[in-house]
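These are my notebook entries on a structure I went through element by element. I wrote down what I looked up, with the cut-offs beside each term.

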Amino acid sequence: MKEFIQILRRFVPPYKKYLVLSIIFNILAAFLTLFSFAVIIPILEMLFKVKEAVYHYMTLEDGSLKDVVFNNFYYYTQVAVEQWGQASTLALLAALLVVMTALKTGVTYLASYFVIPMRSGIVRDIRNFVYDKIVTLPISFFTSERKGDVMARMSGDVAEIENSIMASLDMMFKNPVMIIVCLATMIFISWQLTLFVLVLLPIAGLAMGRIGKRLKRKSLRGQNQWGLLMSNIEETLGGLRIIKAFNAEDKVRSRFHRENEVFYDLSNKIARRQALAHPMSEFLGTCAIAIVLWFGGSLILNGYSSMNAASFIYYMVIFYSIINPAKDLSKAMYSIQKGLASMERIDKILSADNPIKDPAKPVEINQLKGHIRYNDVSFSYGQNPVLQDINLDIPAGSTVALVGQSGSGKSTLADLLPRFYDVKKGEITIDGVDIRDLKVHDLRSFMGNVNQEAILFNDTFYNNITFGVKEATMEQVIEAAKIANAHQFIEESEHGYQTNVGDRGCRLSGGQRQRVSIARAILKNPPVLILDEATSALDSESEKLVQQALDRLMKNRTTLVIAHRLSTIKNADLICVLHEGRIVERGTHDELLAIPGGYYRHLVDMQKF
């Protein structure tokens, strides 16, 4: 319950007015329910002659509020019987019962009507918060998390919160009000018997609560297993070509079936425990009614209570009206326990710390020249050092190439520049300013990226090229596409620049995807450019076209190039050779070739054939 209240404190404040209105109408519904039940008493006592008495009109000076209310209700009923007869009075009371019920159902609907925007709004807000957090989290977070599991938290877990916690909001605000109003009325009728009831009900609640806690634990395991299934599906879809190429269908099928079987078993246990809520609450409720019936009846029969038979029946009717809200409340608690397990998984994303933070007093650079320096930079993933004591000076407008074997730290060195990761030791400066003293948004706005895998979105050519650029004219987009050697094939497509490129650009060849991503970088017009093996996955003809586009893009820009194909970096102003996280050689192409037995020369010799 404590966790549920914390969720309400976090997400309910924007919807306070809906909550207040819902509670007001729930209180009205509770009182109208009691008044409609009260009509039963004179039917029992007067119309069927259970009690023969003559009533006179009373004021508050003649007795307590309780005595005045009951006496005057009987008085007006007695007057109606005398004037119109028993049958007409019965019809009048029945009509009154219908009116009271109509009012009760009307305000009950209004209570639900006002809670719905709050319920839907909280789910919408949770979805927005999770998505916003995912977008702002650093890349390092997703290297340790499965993408499929993150997707499961955004879809399955949020849906579970909607179906359990949010679906129970109405019951959580309606039923306690009904229970409190009924208990207050029961105390009003007989405080002795109600005291006995208040001892009895928590015992039943304790039994229900213990089962609910177990449900939360199993639900957490179930949601984790669902995340594993989603990861499996995501990996299968992403690697379908390899699975088919290696005839591994049976292997992935058996793995998925095995994990799905575990989820099936957990789902059964969760559903069975949840299904136990209604029968158990009904059984405990019936036991409570039987005990109260026995105890209250004994008090009346032995003369220890001031209640008469009709009042006791009314008391039991009110007590019975508590049982259904109590059962619904117990079912809601079960659902909430299940939803809390999902909320716990979502909170792992919402509470994740982002180490890439803006400084308290950021430095502003209006015109960036692009002079970059790495000063004694070291970096590690966990305990494994990736870069050690890197010193590198990249003058504004120059091109520096990074080469070396796989795992030597080239991509990591480039990723430190836009602060995808932060250095563990040393500093990186741009125009003499430590990049950690700049706003992350400002820093990245100075940079353009072209990666080995051209990342395109399932959208049009136009929207992919203008991605991240707020205001761009069609003429600027076409000019960028022409510089990138992309204009011709875009124009020849079905709808030109409004043609959809498909999921991750699947309708395009590798060279076409790469040229679209270069056009995107050209349109951004950044002073600093990072090229991460932009031509390594292309055929010779595509490479030539892409290289021409890159040469145009690199003009008058500070460029950091990561390359495996050494033919593409011959003209770089400086080539740095990395080996096991250190720069072991640096110089121009000709200077490095002149070093006998050098690392660079060895790489060139390997590629000559």
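**Entry 1: strand pairing.** I looked up E1 and strand E2 (residues 384–394) and found them paired in the antiparallel sense over 7 bridges. Strands here are DSSP runs of E with at least two residues, helices are DSSP runs of H or I with at least four, and both are numbered from the N terminus. I count two strands as paired if DSSP finds at least two bridges between them. Within this pair, Tyr374 stands opposite Leu392 in E2, and Phe379 stands opposite Leu387 in E2. E1 and E2 form a hairpin with 2 residues between them. Gly382 in that turn has a positive phi of about 70°.

I note the provenance here: this is a predicted model, in which local features need pLDDT of at least 70 and side-chain atom pairs count only at pLDDT 80 or more, while totals for chains, interfaces and linings use all residues. Residues are numbered from 1 along each chain as its sequence is written, and side-chain values use heavy atoms, with hydrogens and water left out.

**Entry 2: the other partner of E1.** I then checked strand E4 (residues 425–430), which pairs with E1 in the antiparallel sense over 5 bridges. Ile372 stands opposite Ile430 in E4. Together the strands belong to an open sheet of 4 strands in the order E2-E1-E4-E5, with antiparallel pairing. The edge strands are E2 and strand E5 (433–434), since each pairs on one side only. I recorded that strand E1 (residues 372–381) is largely enclosed by the rest of the structure, because 7 of its 10 residues are buried. Buried means under 20% relative accessible area, exposed means over 50%, and partly exposed lies in between (1.4 Å probe, protein chains only).

Entry 3: Most residues other than glycine have a negative phi. Asp376 lies in strand E1 and is partly exposed, with a relative accessible area of 40%. Glu580 also has a positive phi, of about 50°. Glu580 is found in the loop between strand E9 (574–579) and strand E10 (582–587), and it is exposed at 57% relative accessible area.

**Entry 4: helix H16.** Which residues of helix H16 (residues 474–483) are buried? I found Val477, Ala480 and Ala481. They cover an arc of only 100° around the axis, which puts them on the same side of H16; the arc is that of the directions from the helix axis to the C-beta atoms. What covers these buried residues includes helix H15 (461–465), helix H17 (487–491) and helix H18 (510–524).

**Entry 5: Arg345.** I looked up Arg345, which lies in helix H12 (residues 309–350). Is Arg345 buried or exposed? Arg345 counts as buried, because its relative accessibility is 1%. The side chain of Arg345 makes a polar contact with the side chain of Asp157 at 2.8 Å. A polar contact is a pair of N or O atoms within 3.5 Å; within protein, one must be able to donate a hydrogen and the other to accept it, and residues adjacent in sequence count only if both atoms are side-chain atoms. Leaving out residues up to four places away in sequence, Arg345 touches several others, among them Asp149, Arg153, Leu220 and Gln223. Contact means heavy atoms within 4.5 Å.

Entry 6: I placed Gly121 in helix H4 (residues 65–136), where Gly121 is buried with a relative accessible area of 5%. Gly121 and Phe11 are 110 residues apart in sequence, yet 8.9 Å apart in space, C-alpha to C-alpha. I searched the whole structure for disulfides (pairs of cysteine sulfur atoms within 2.5 Å) and found 0. Cys506 is exposed, with a relative accessible area of 55%, whereas Cys576 is buried at 0%.

**Entry 7: totals.** The chain has 21 helices and 10 strands. Buried residues make up 46% of its 609 residues. Among contacts between residues at least 6 apart in sequence, 77% join residues at least 24 apart.
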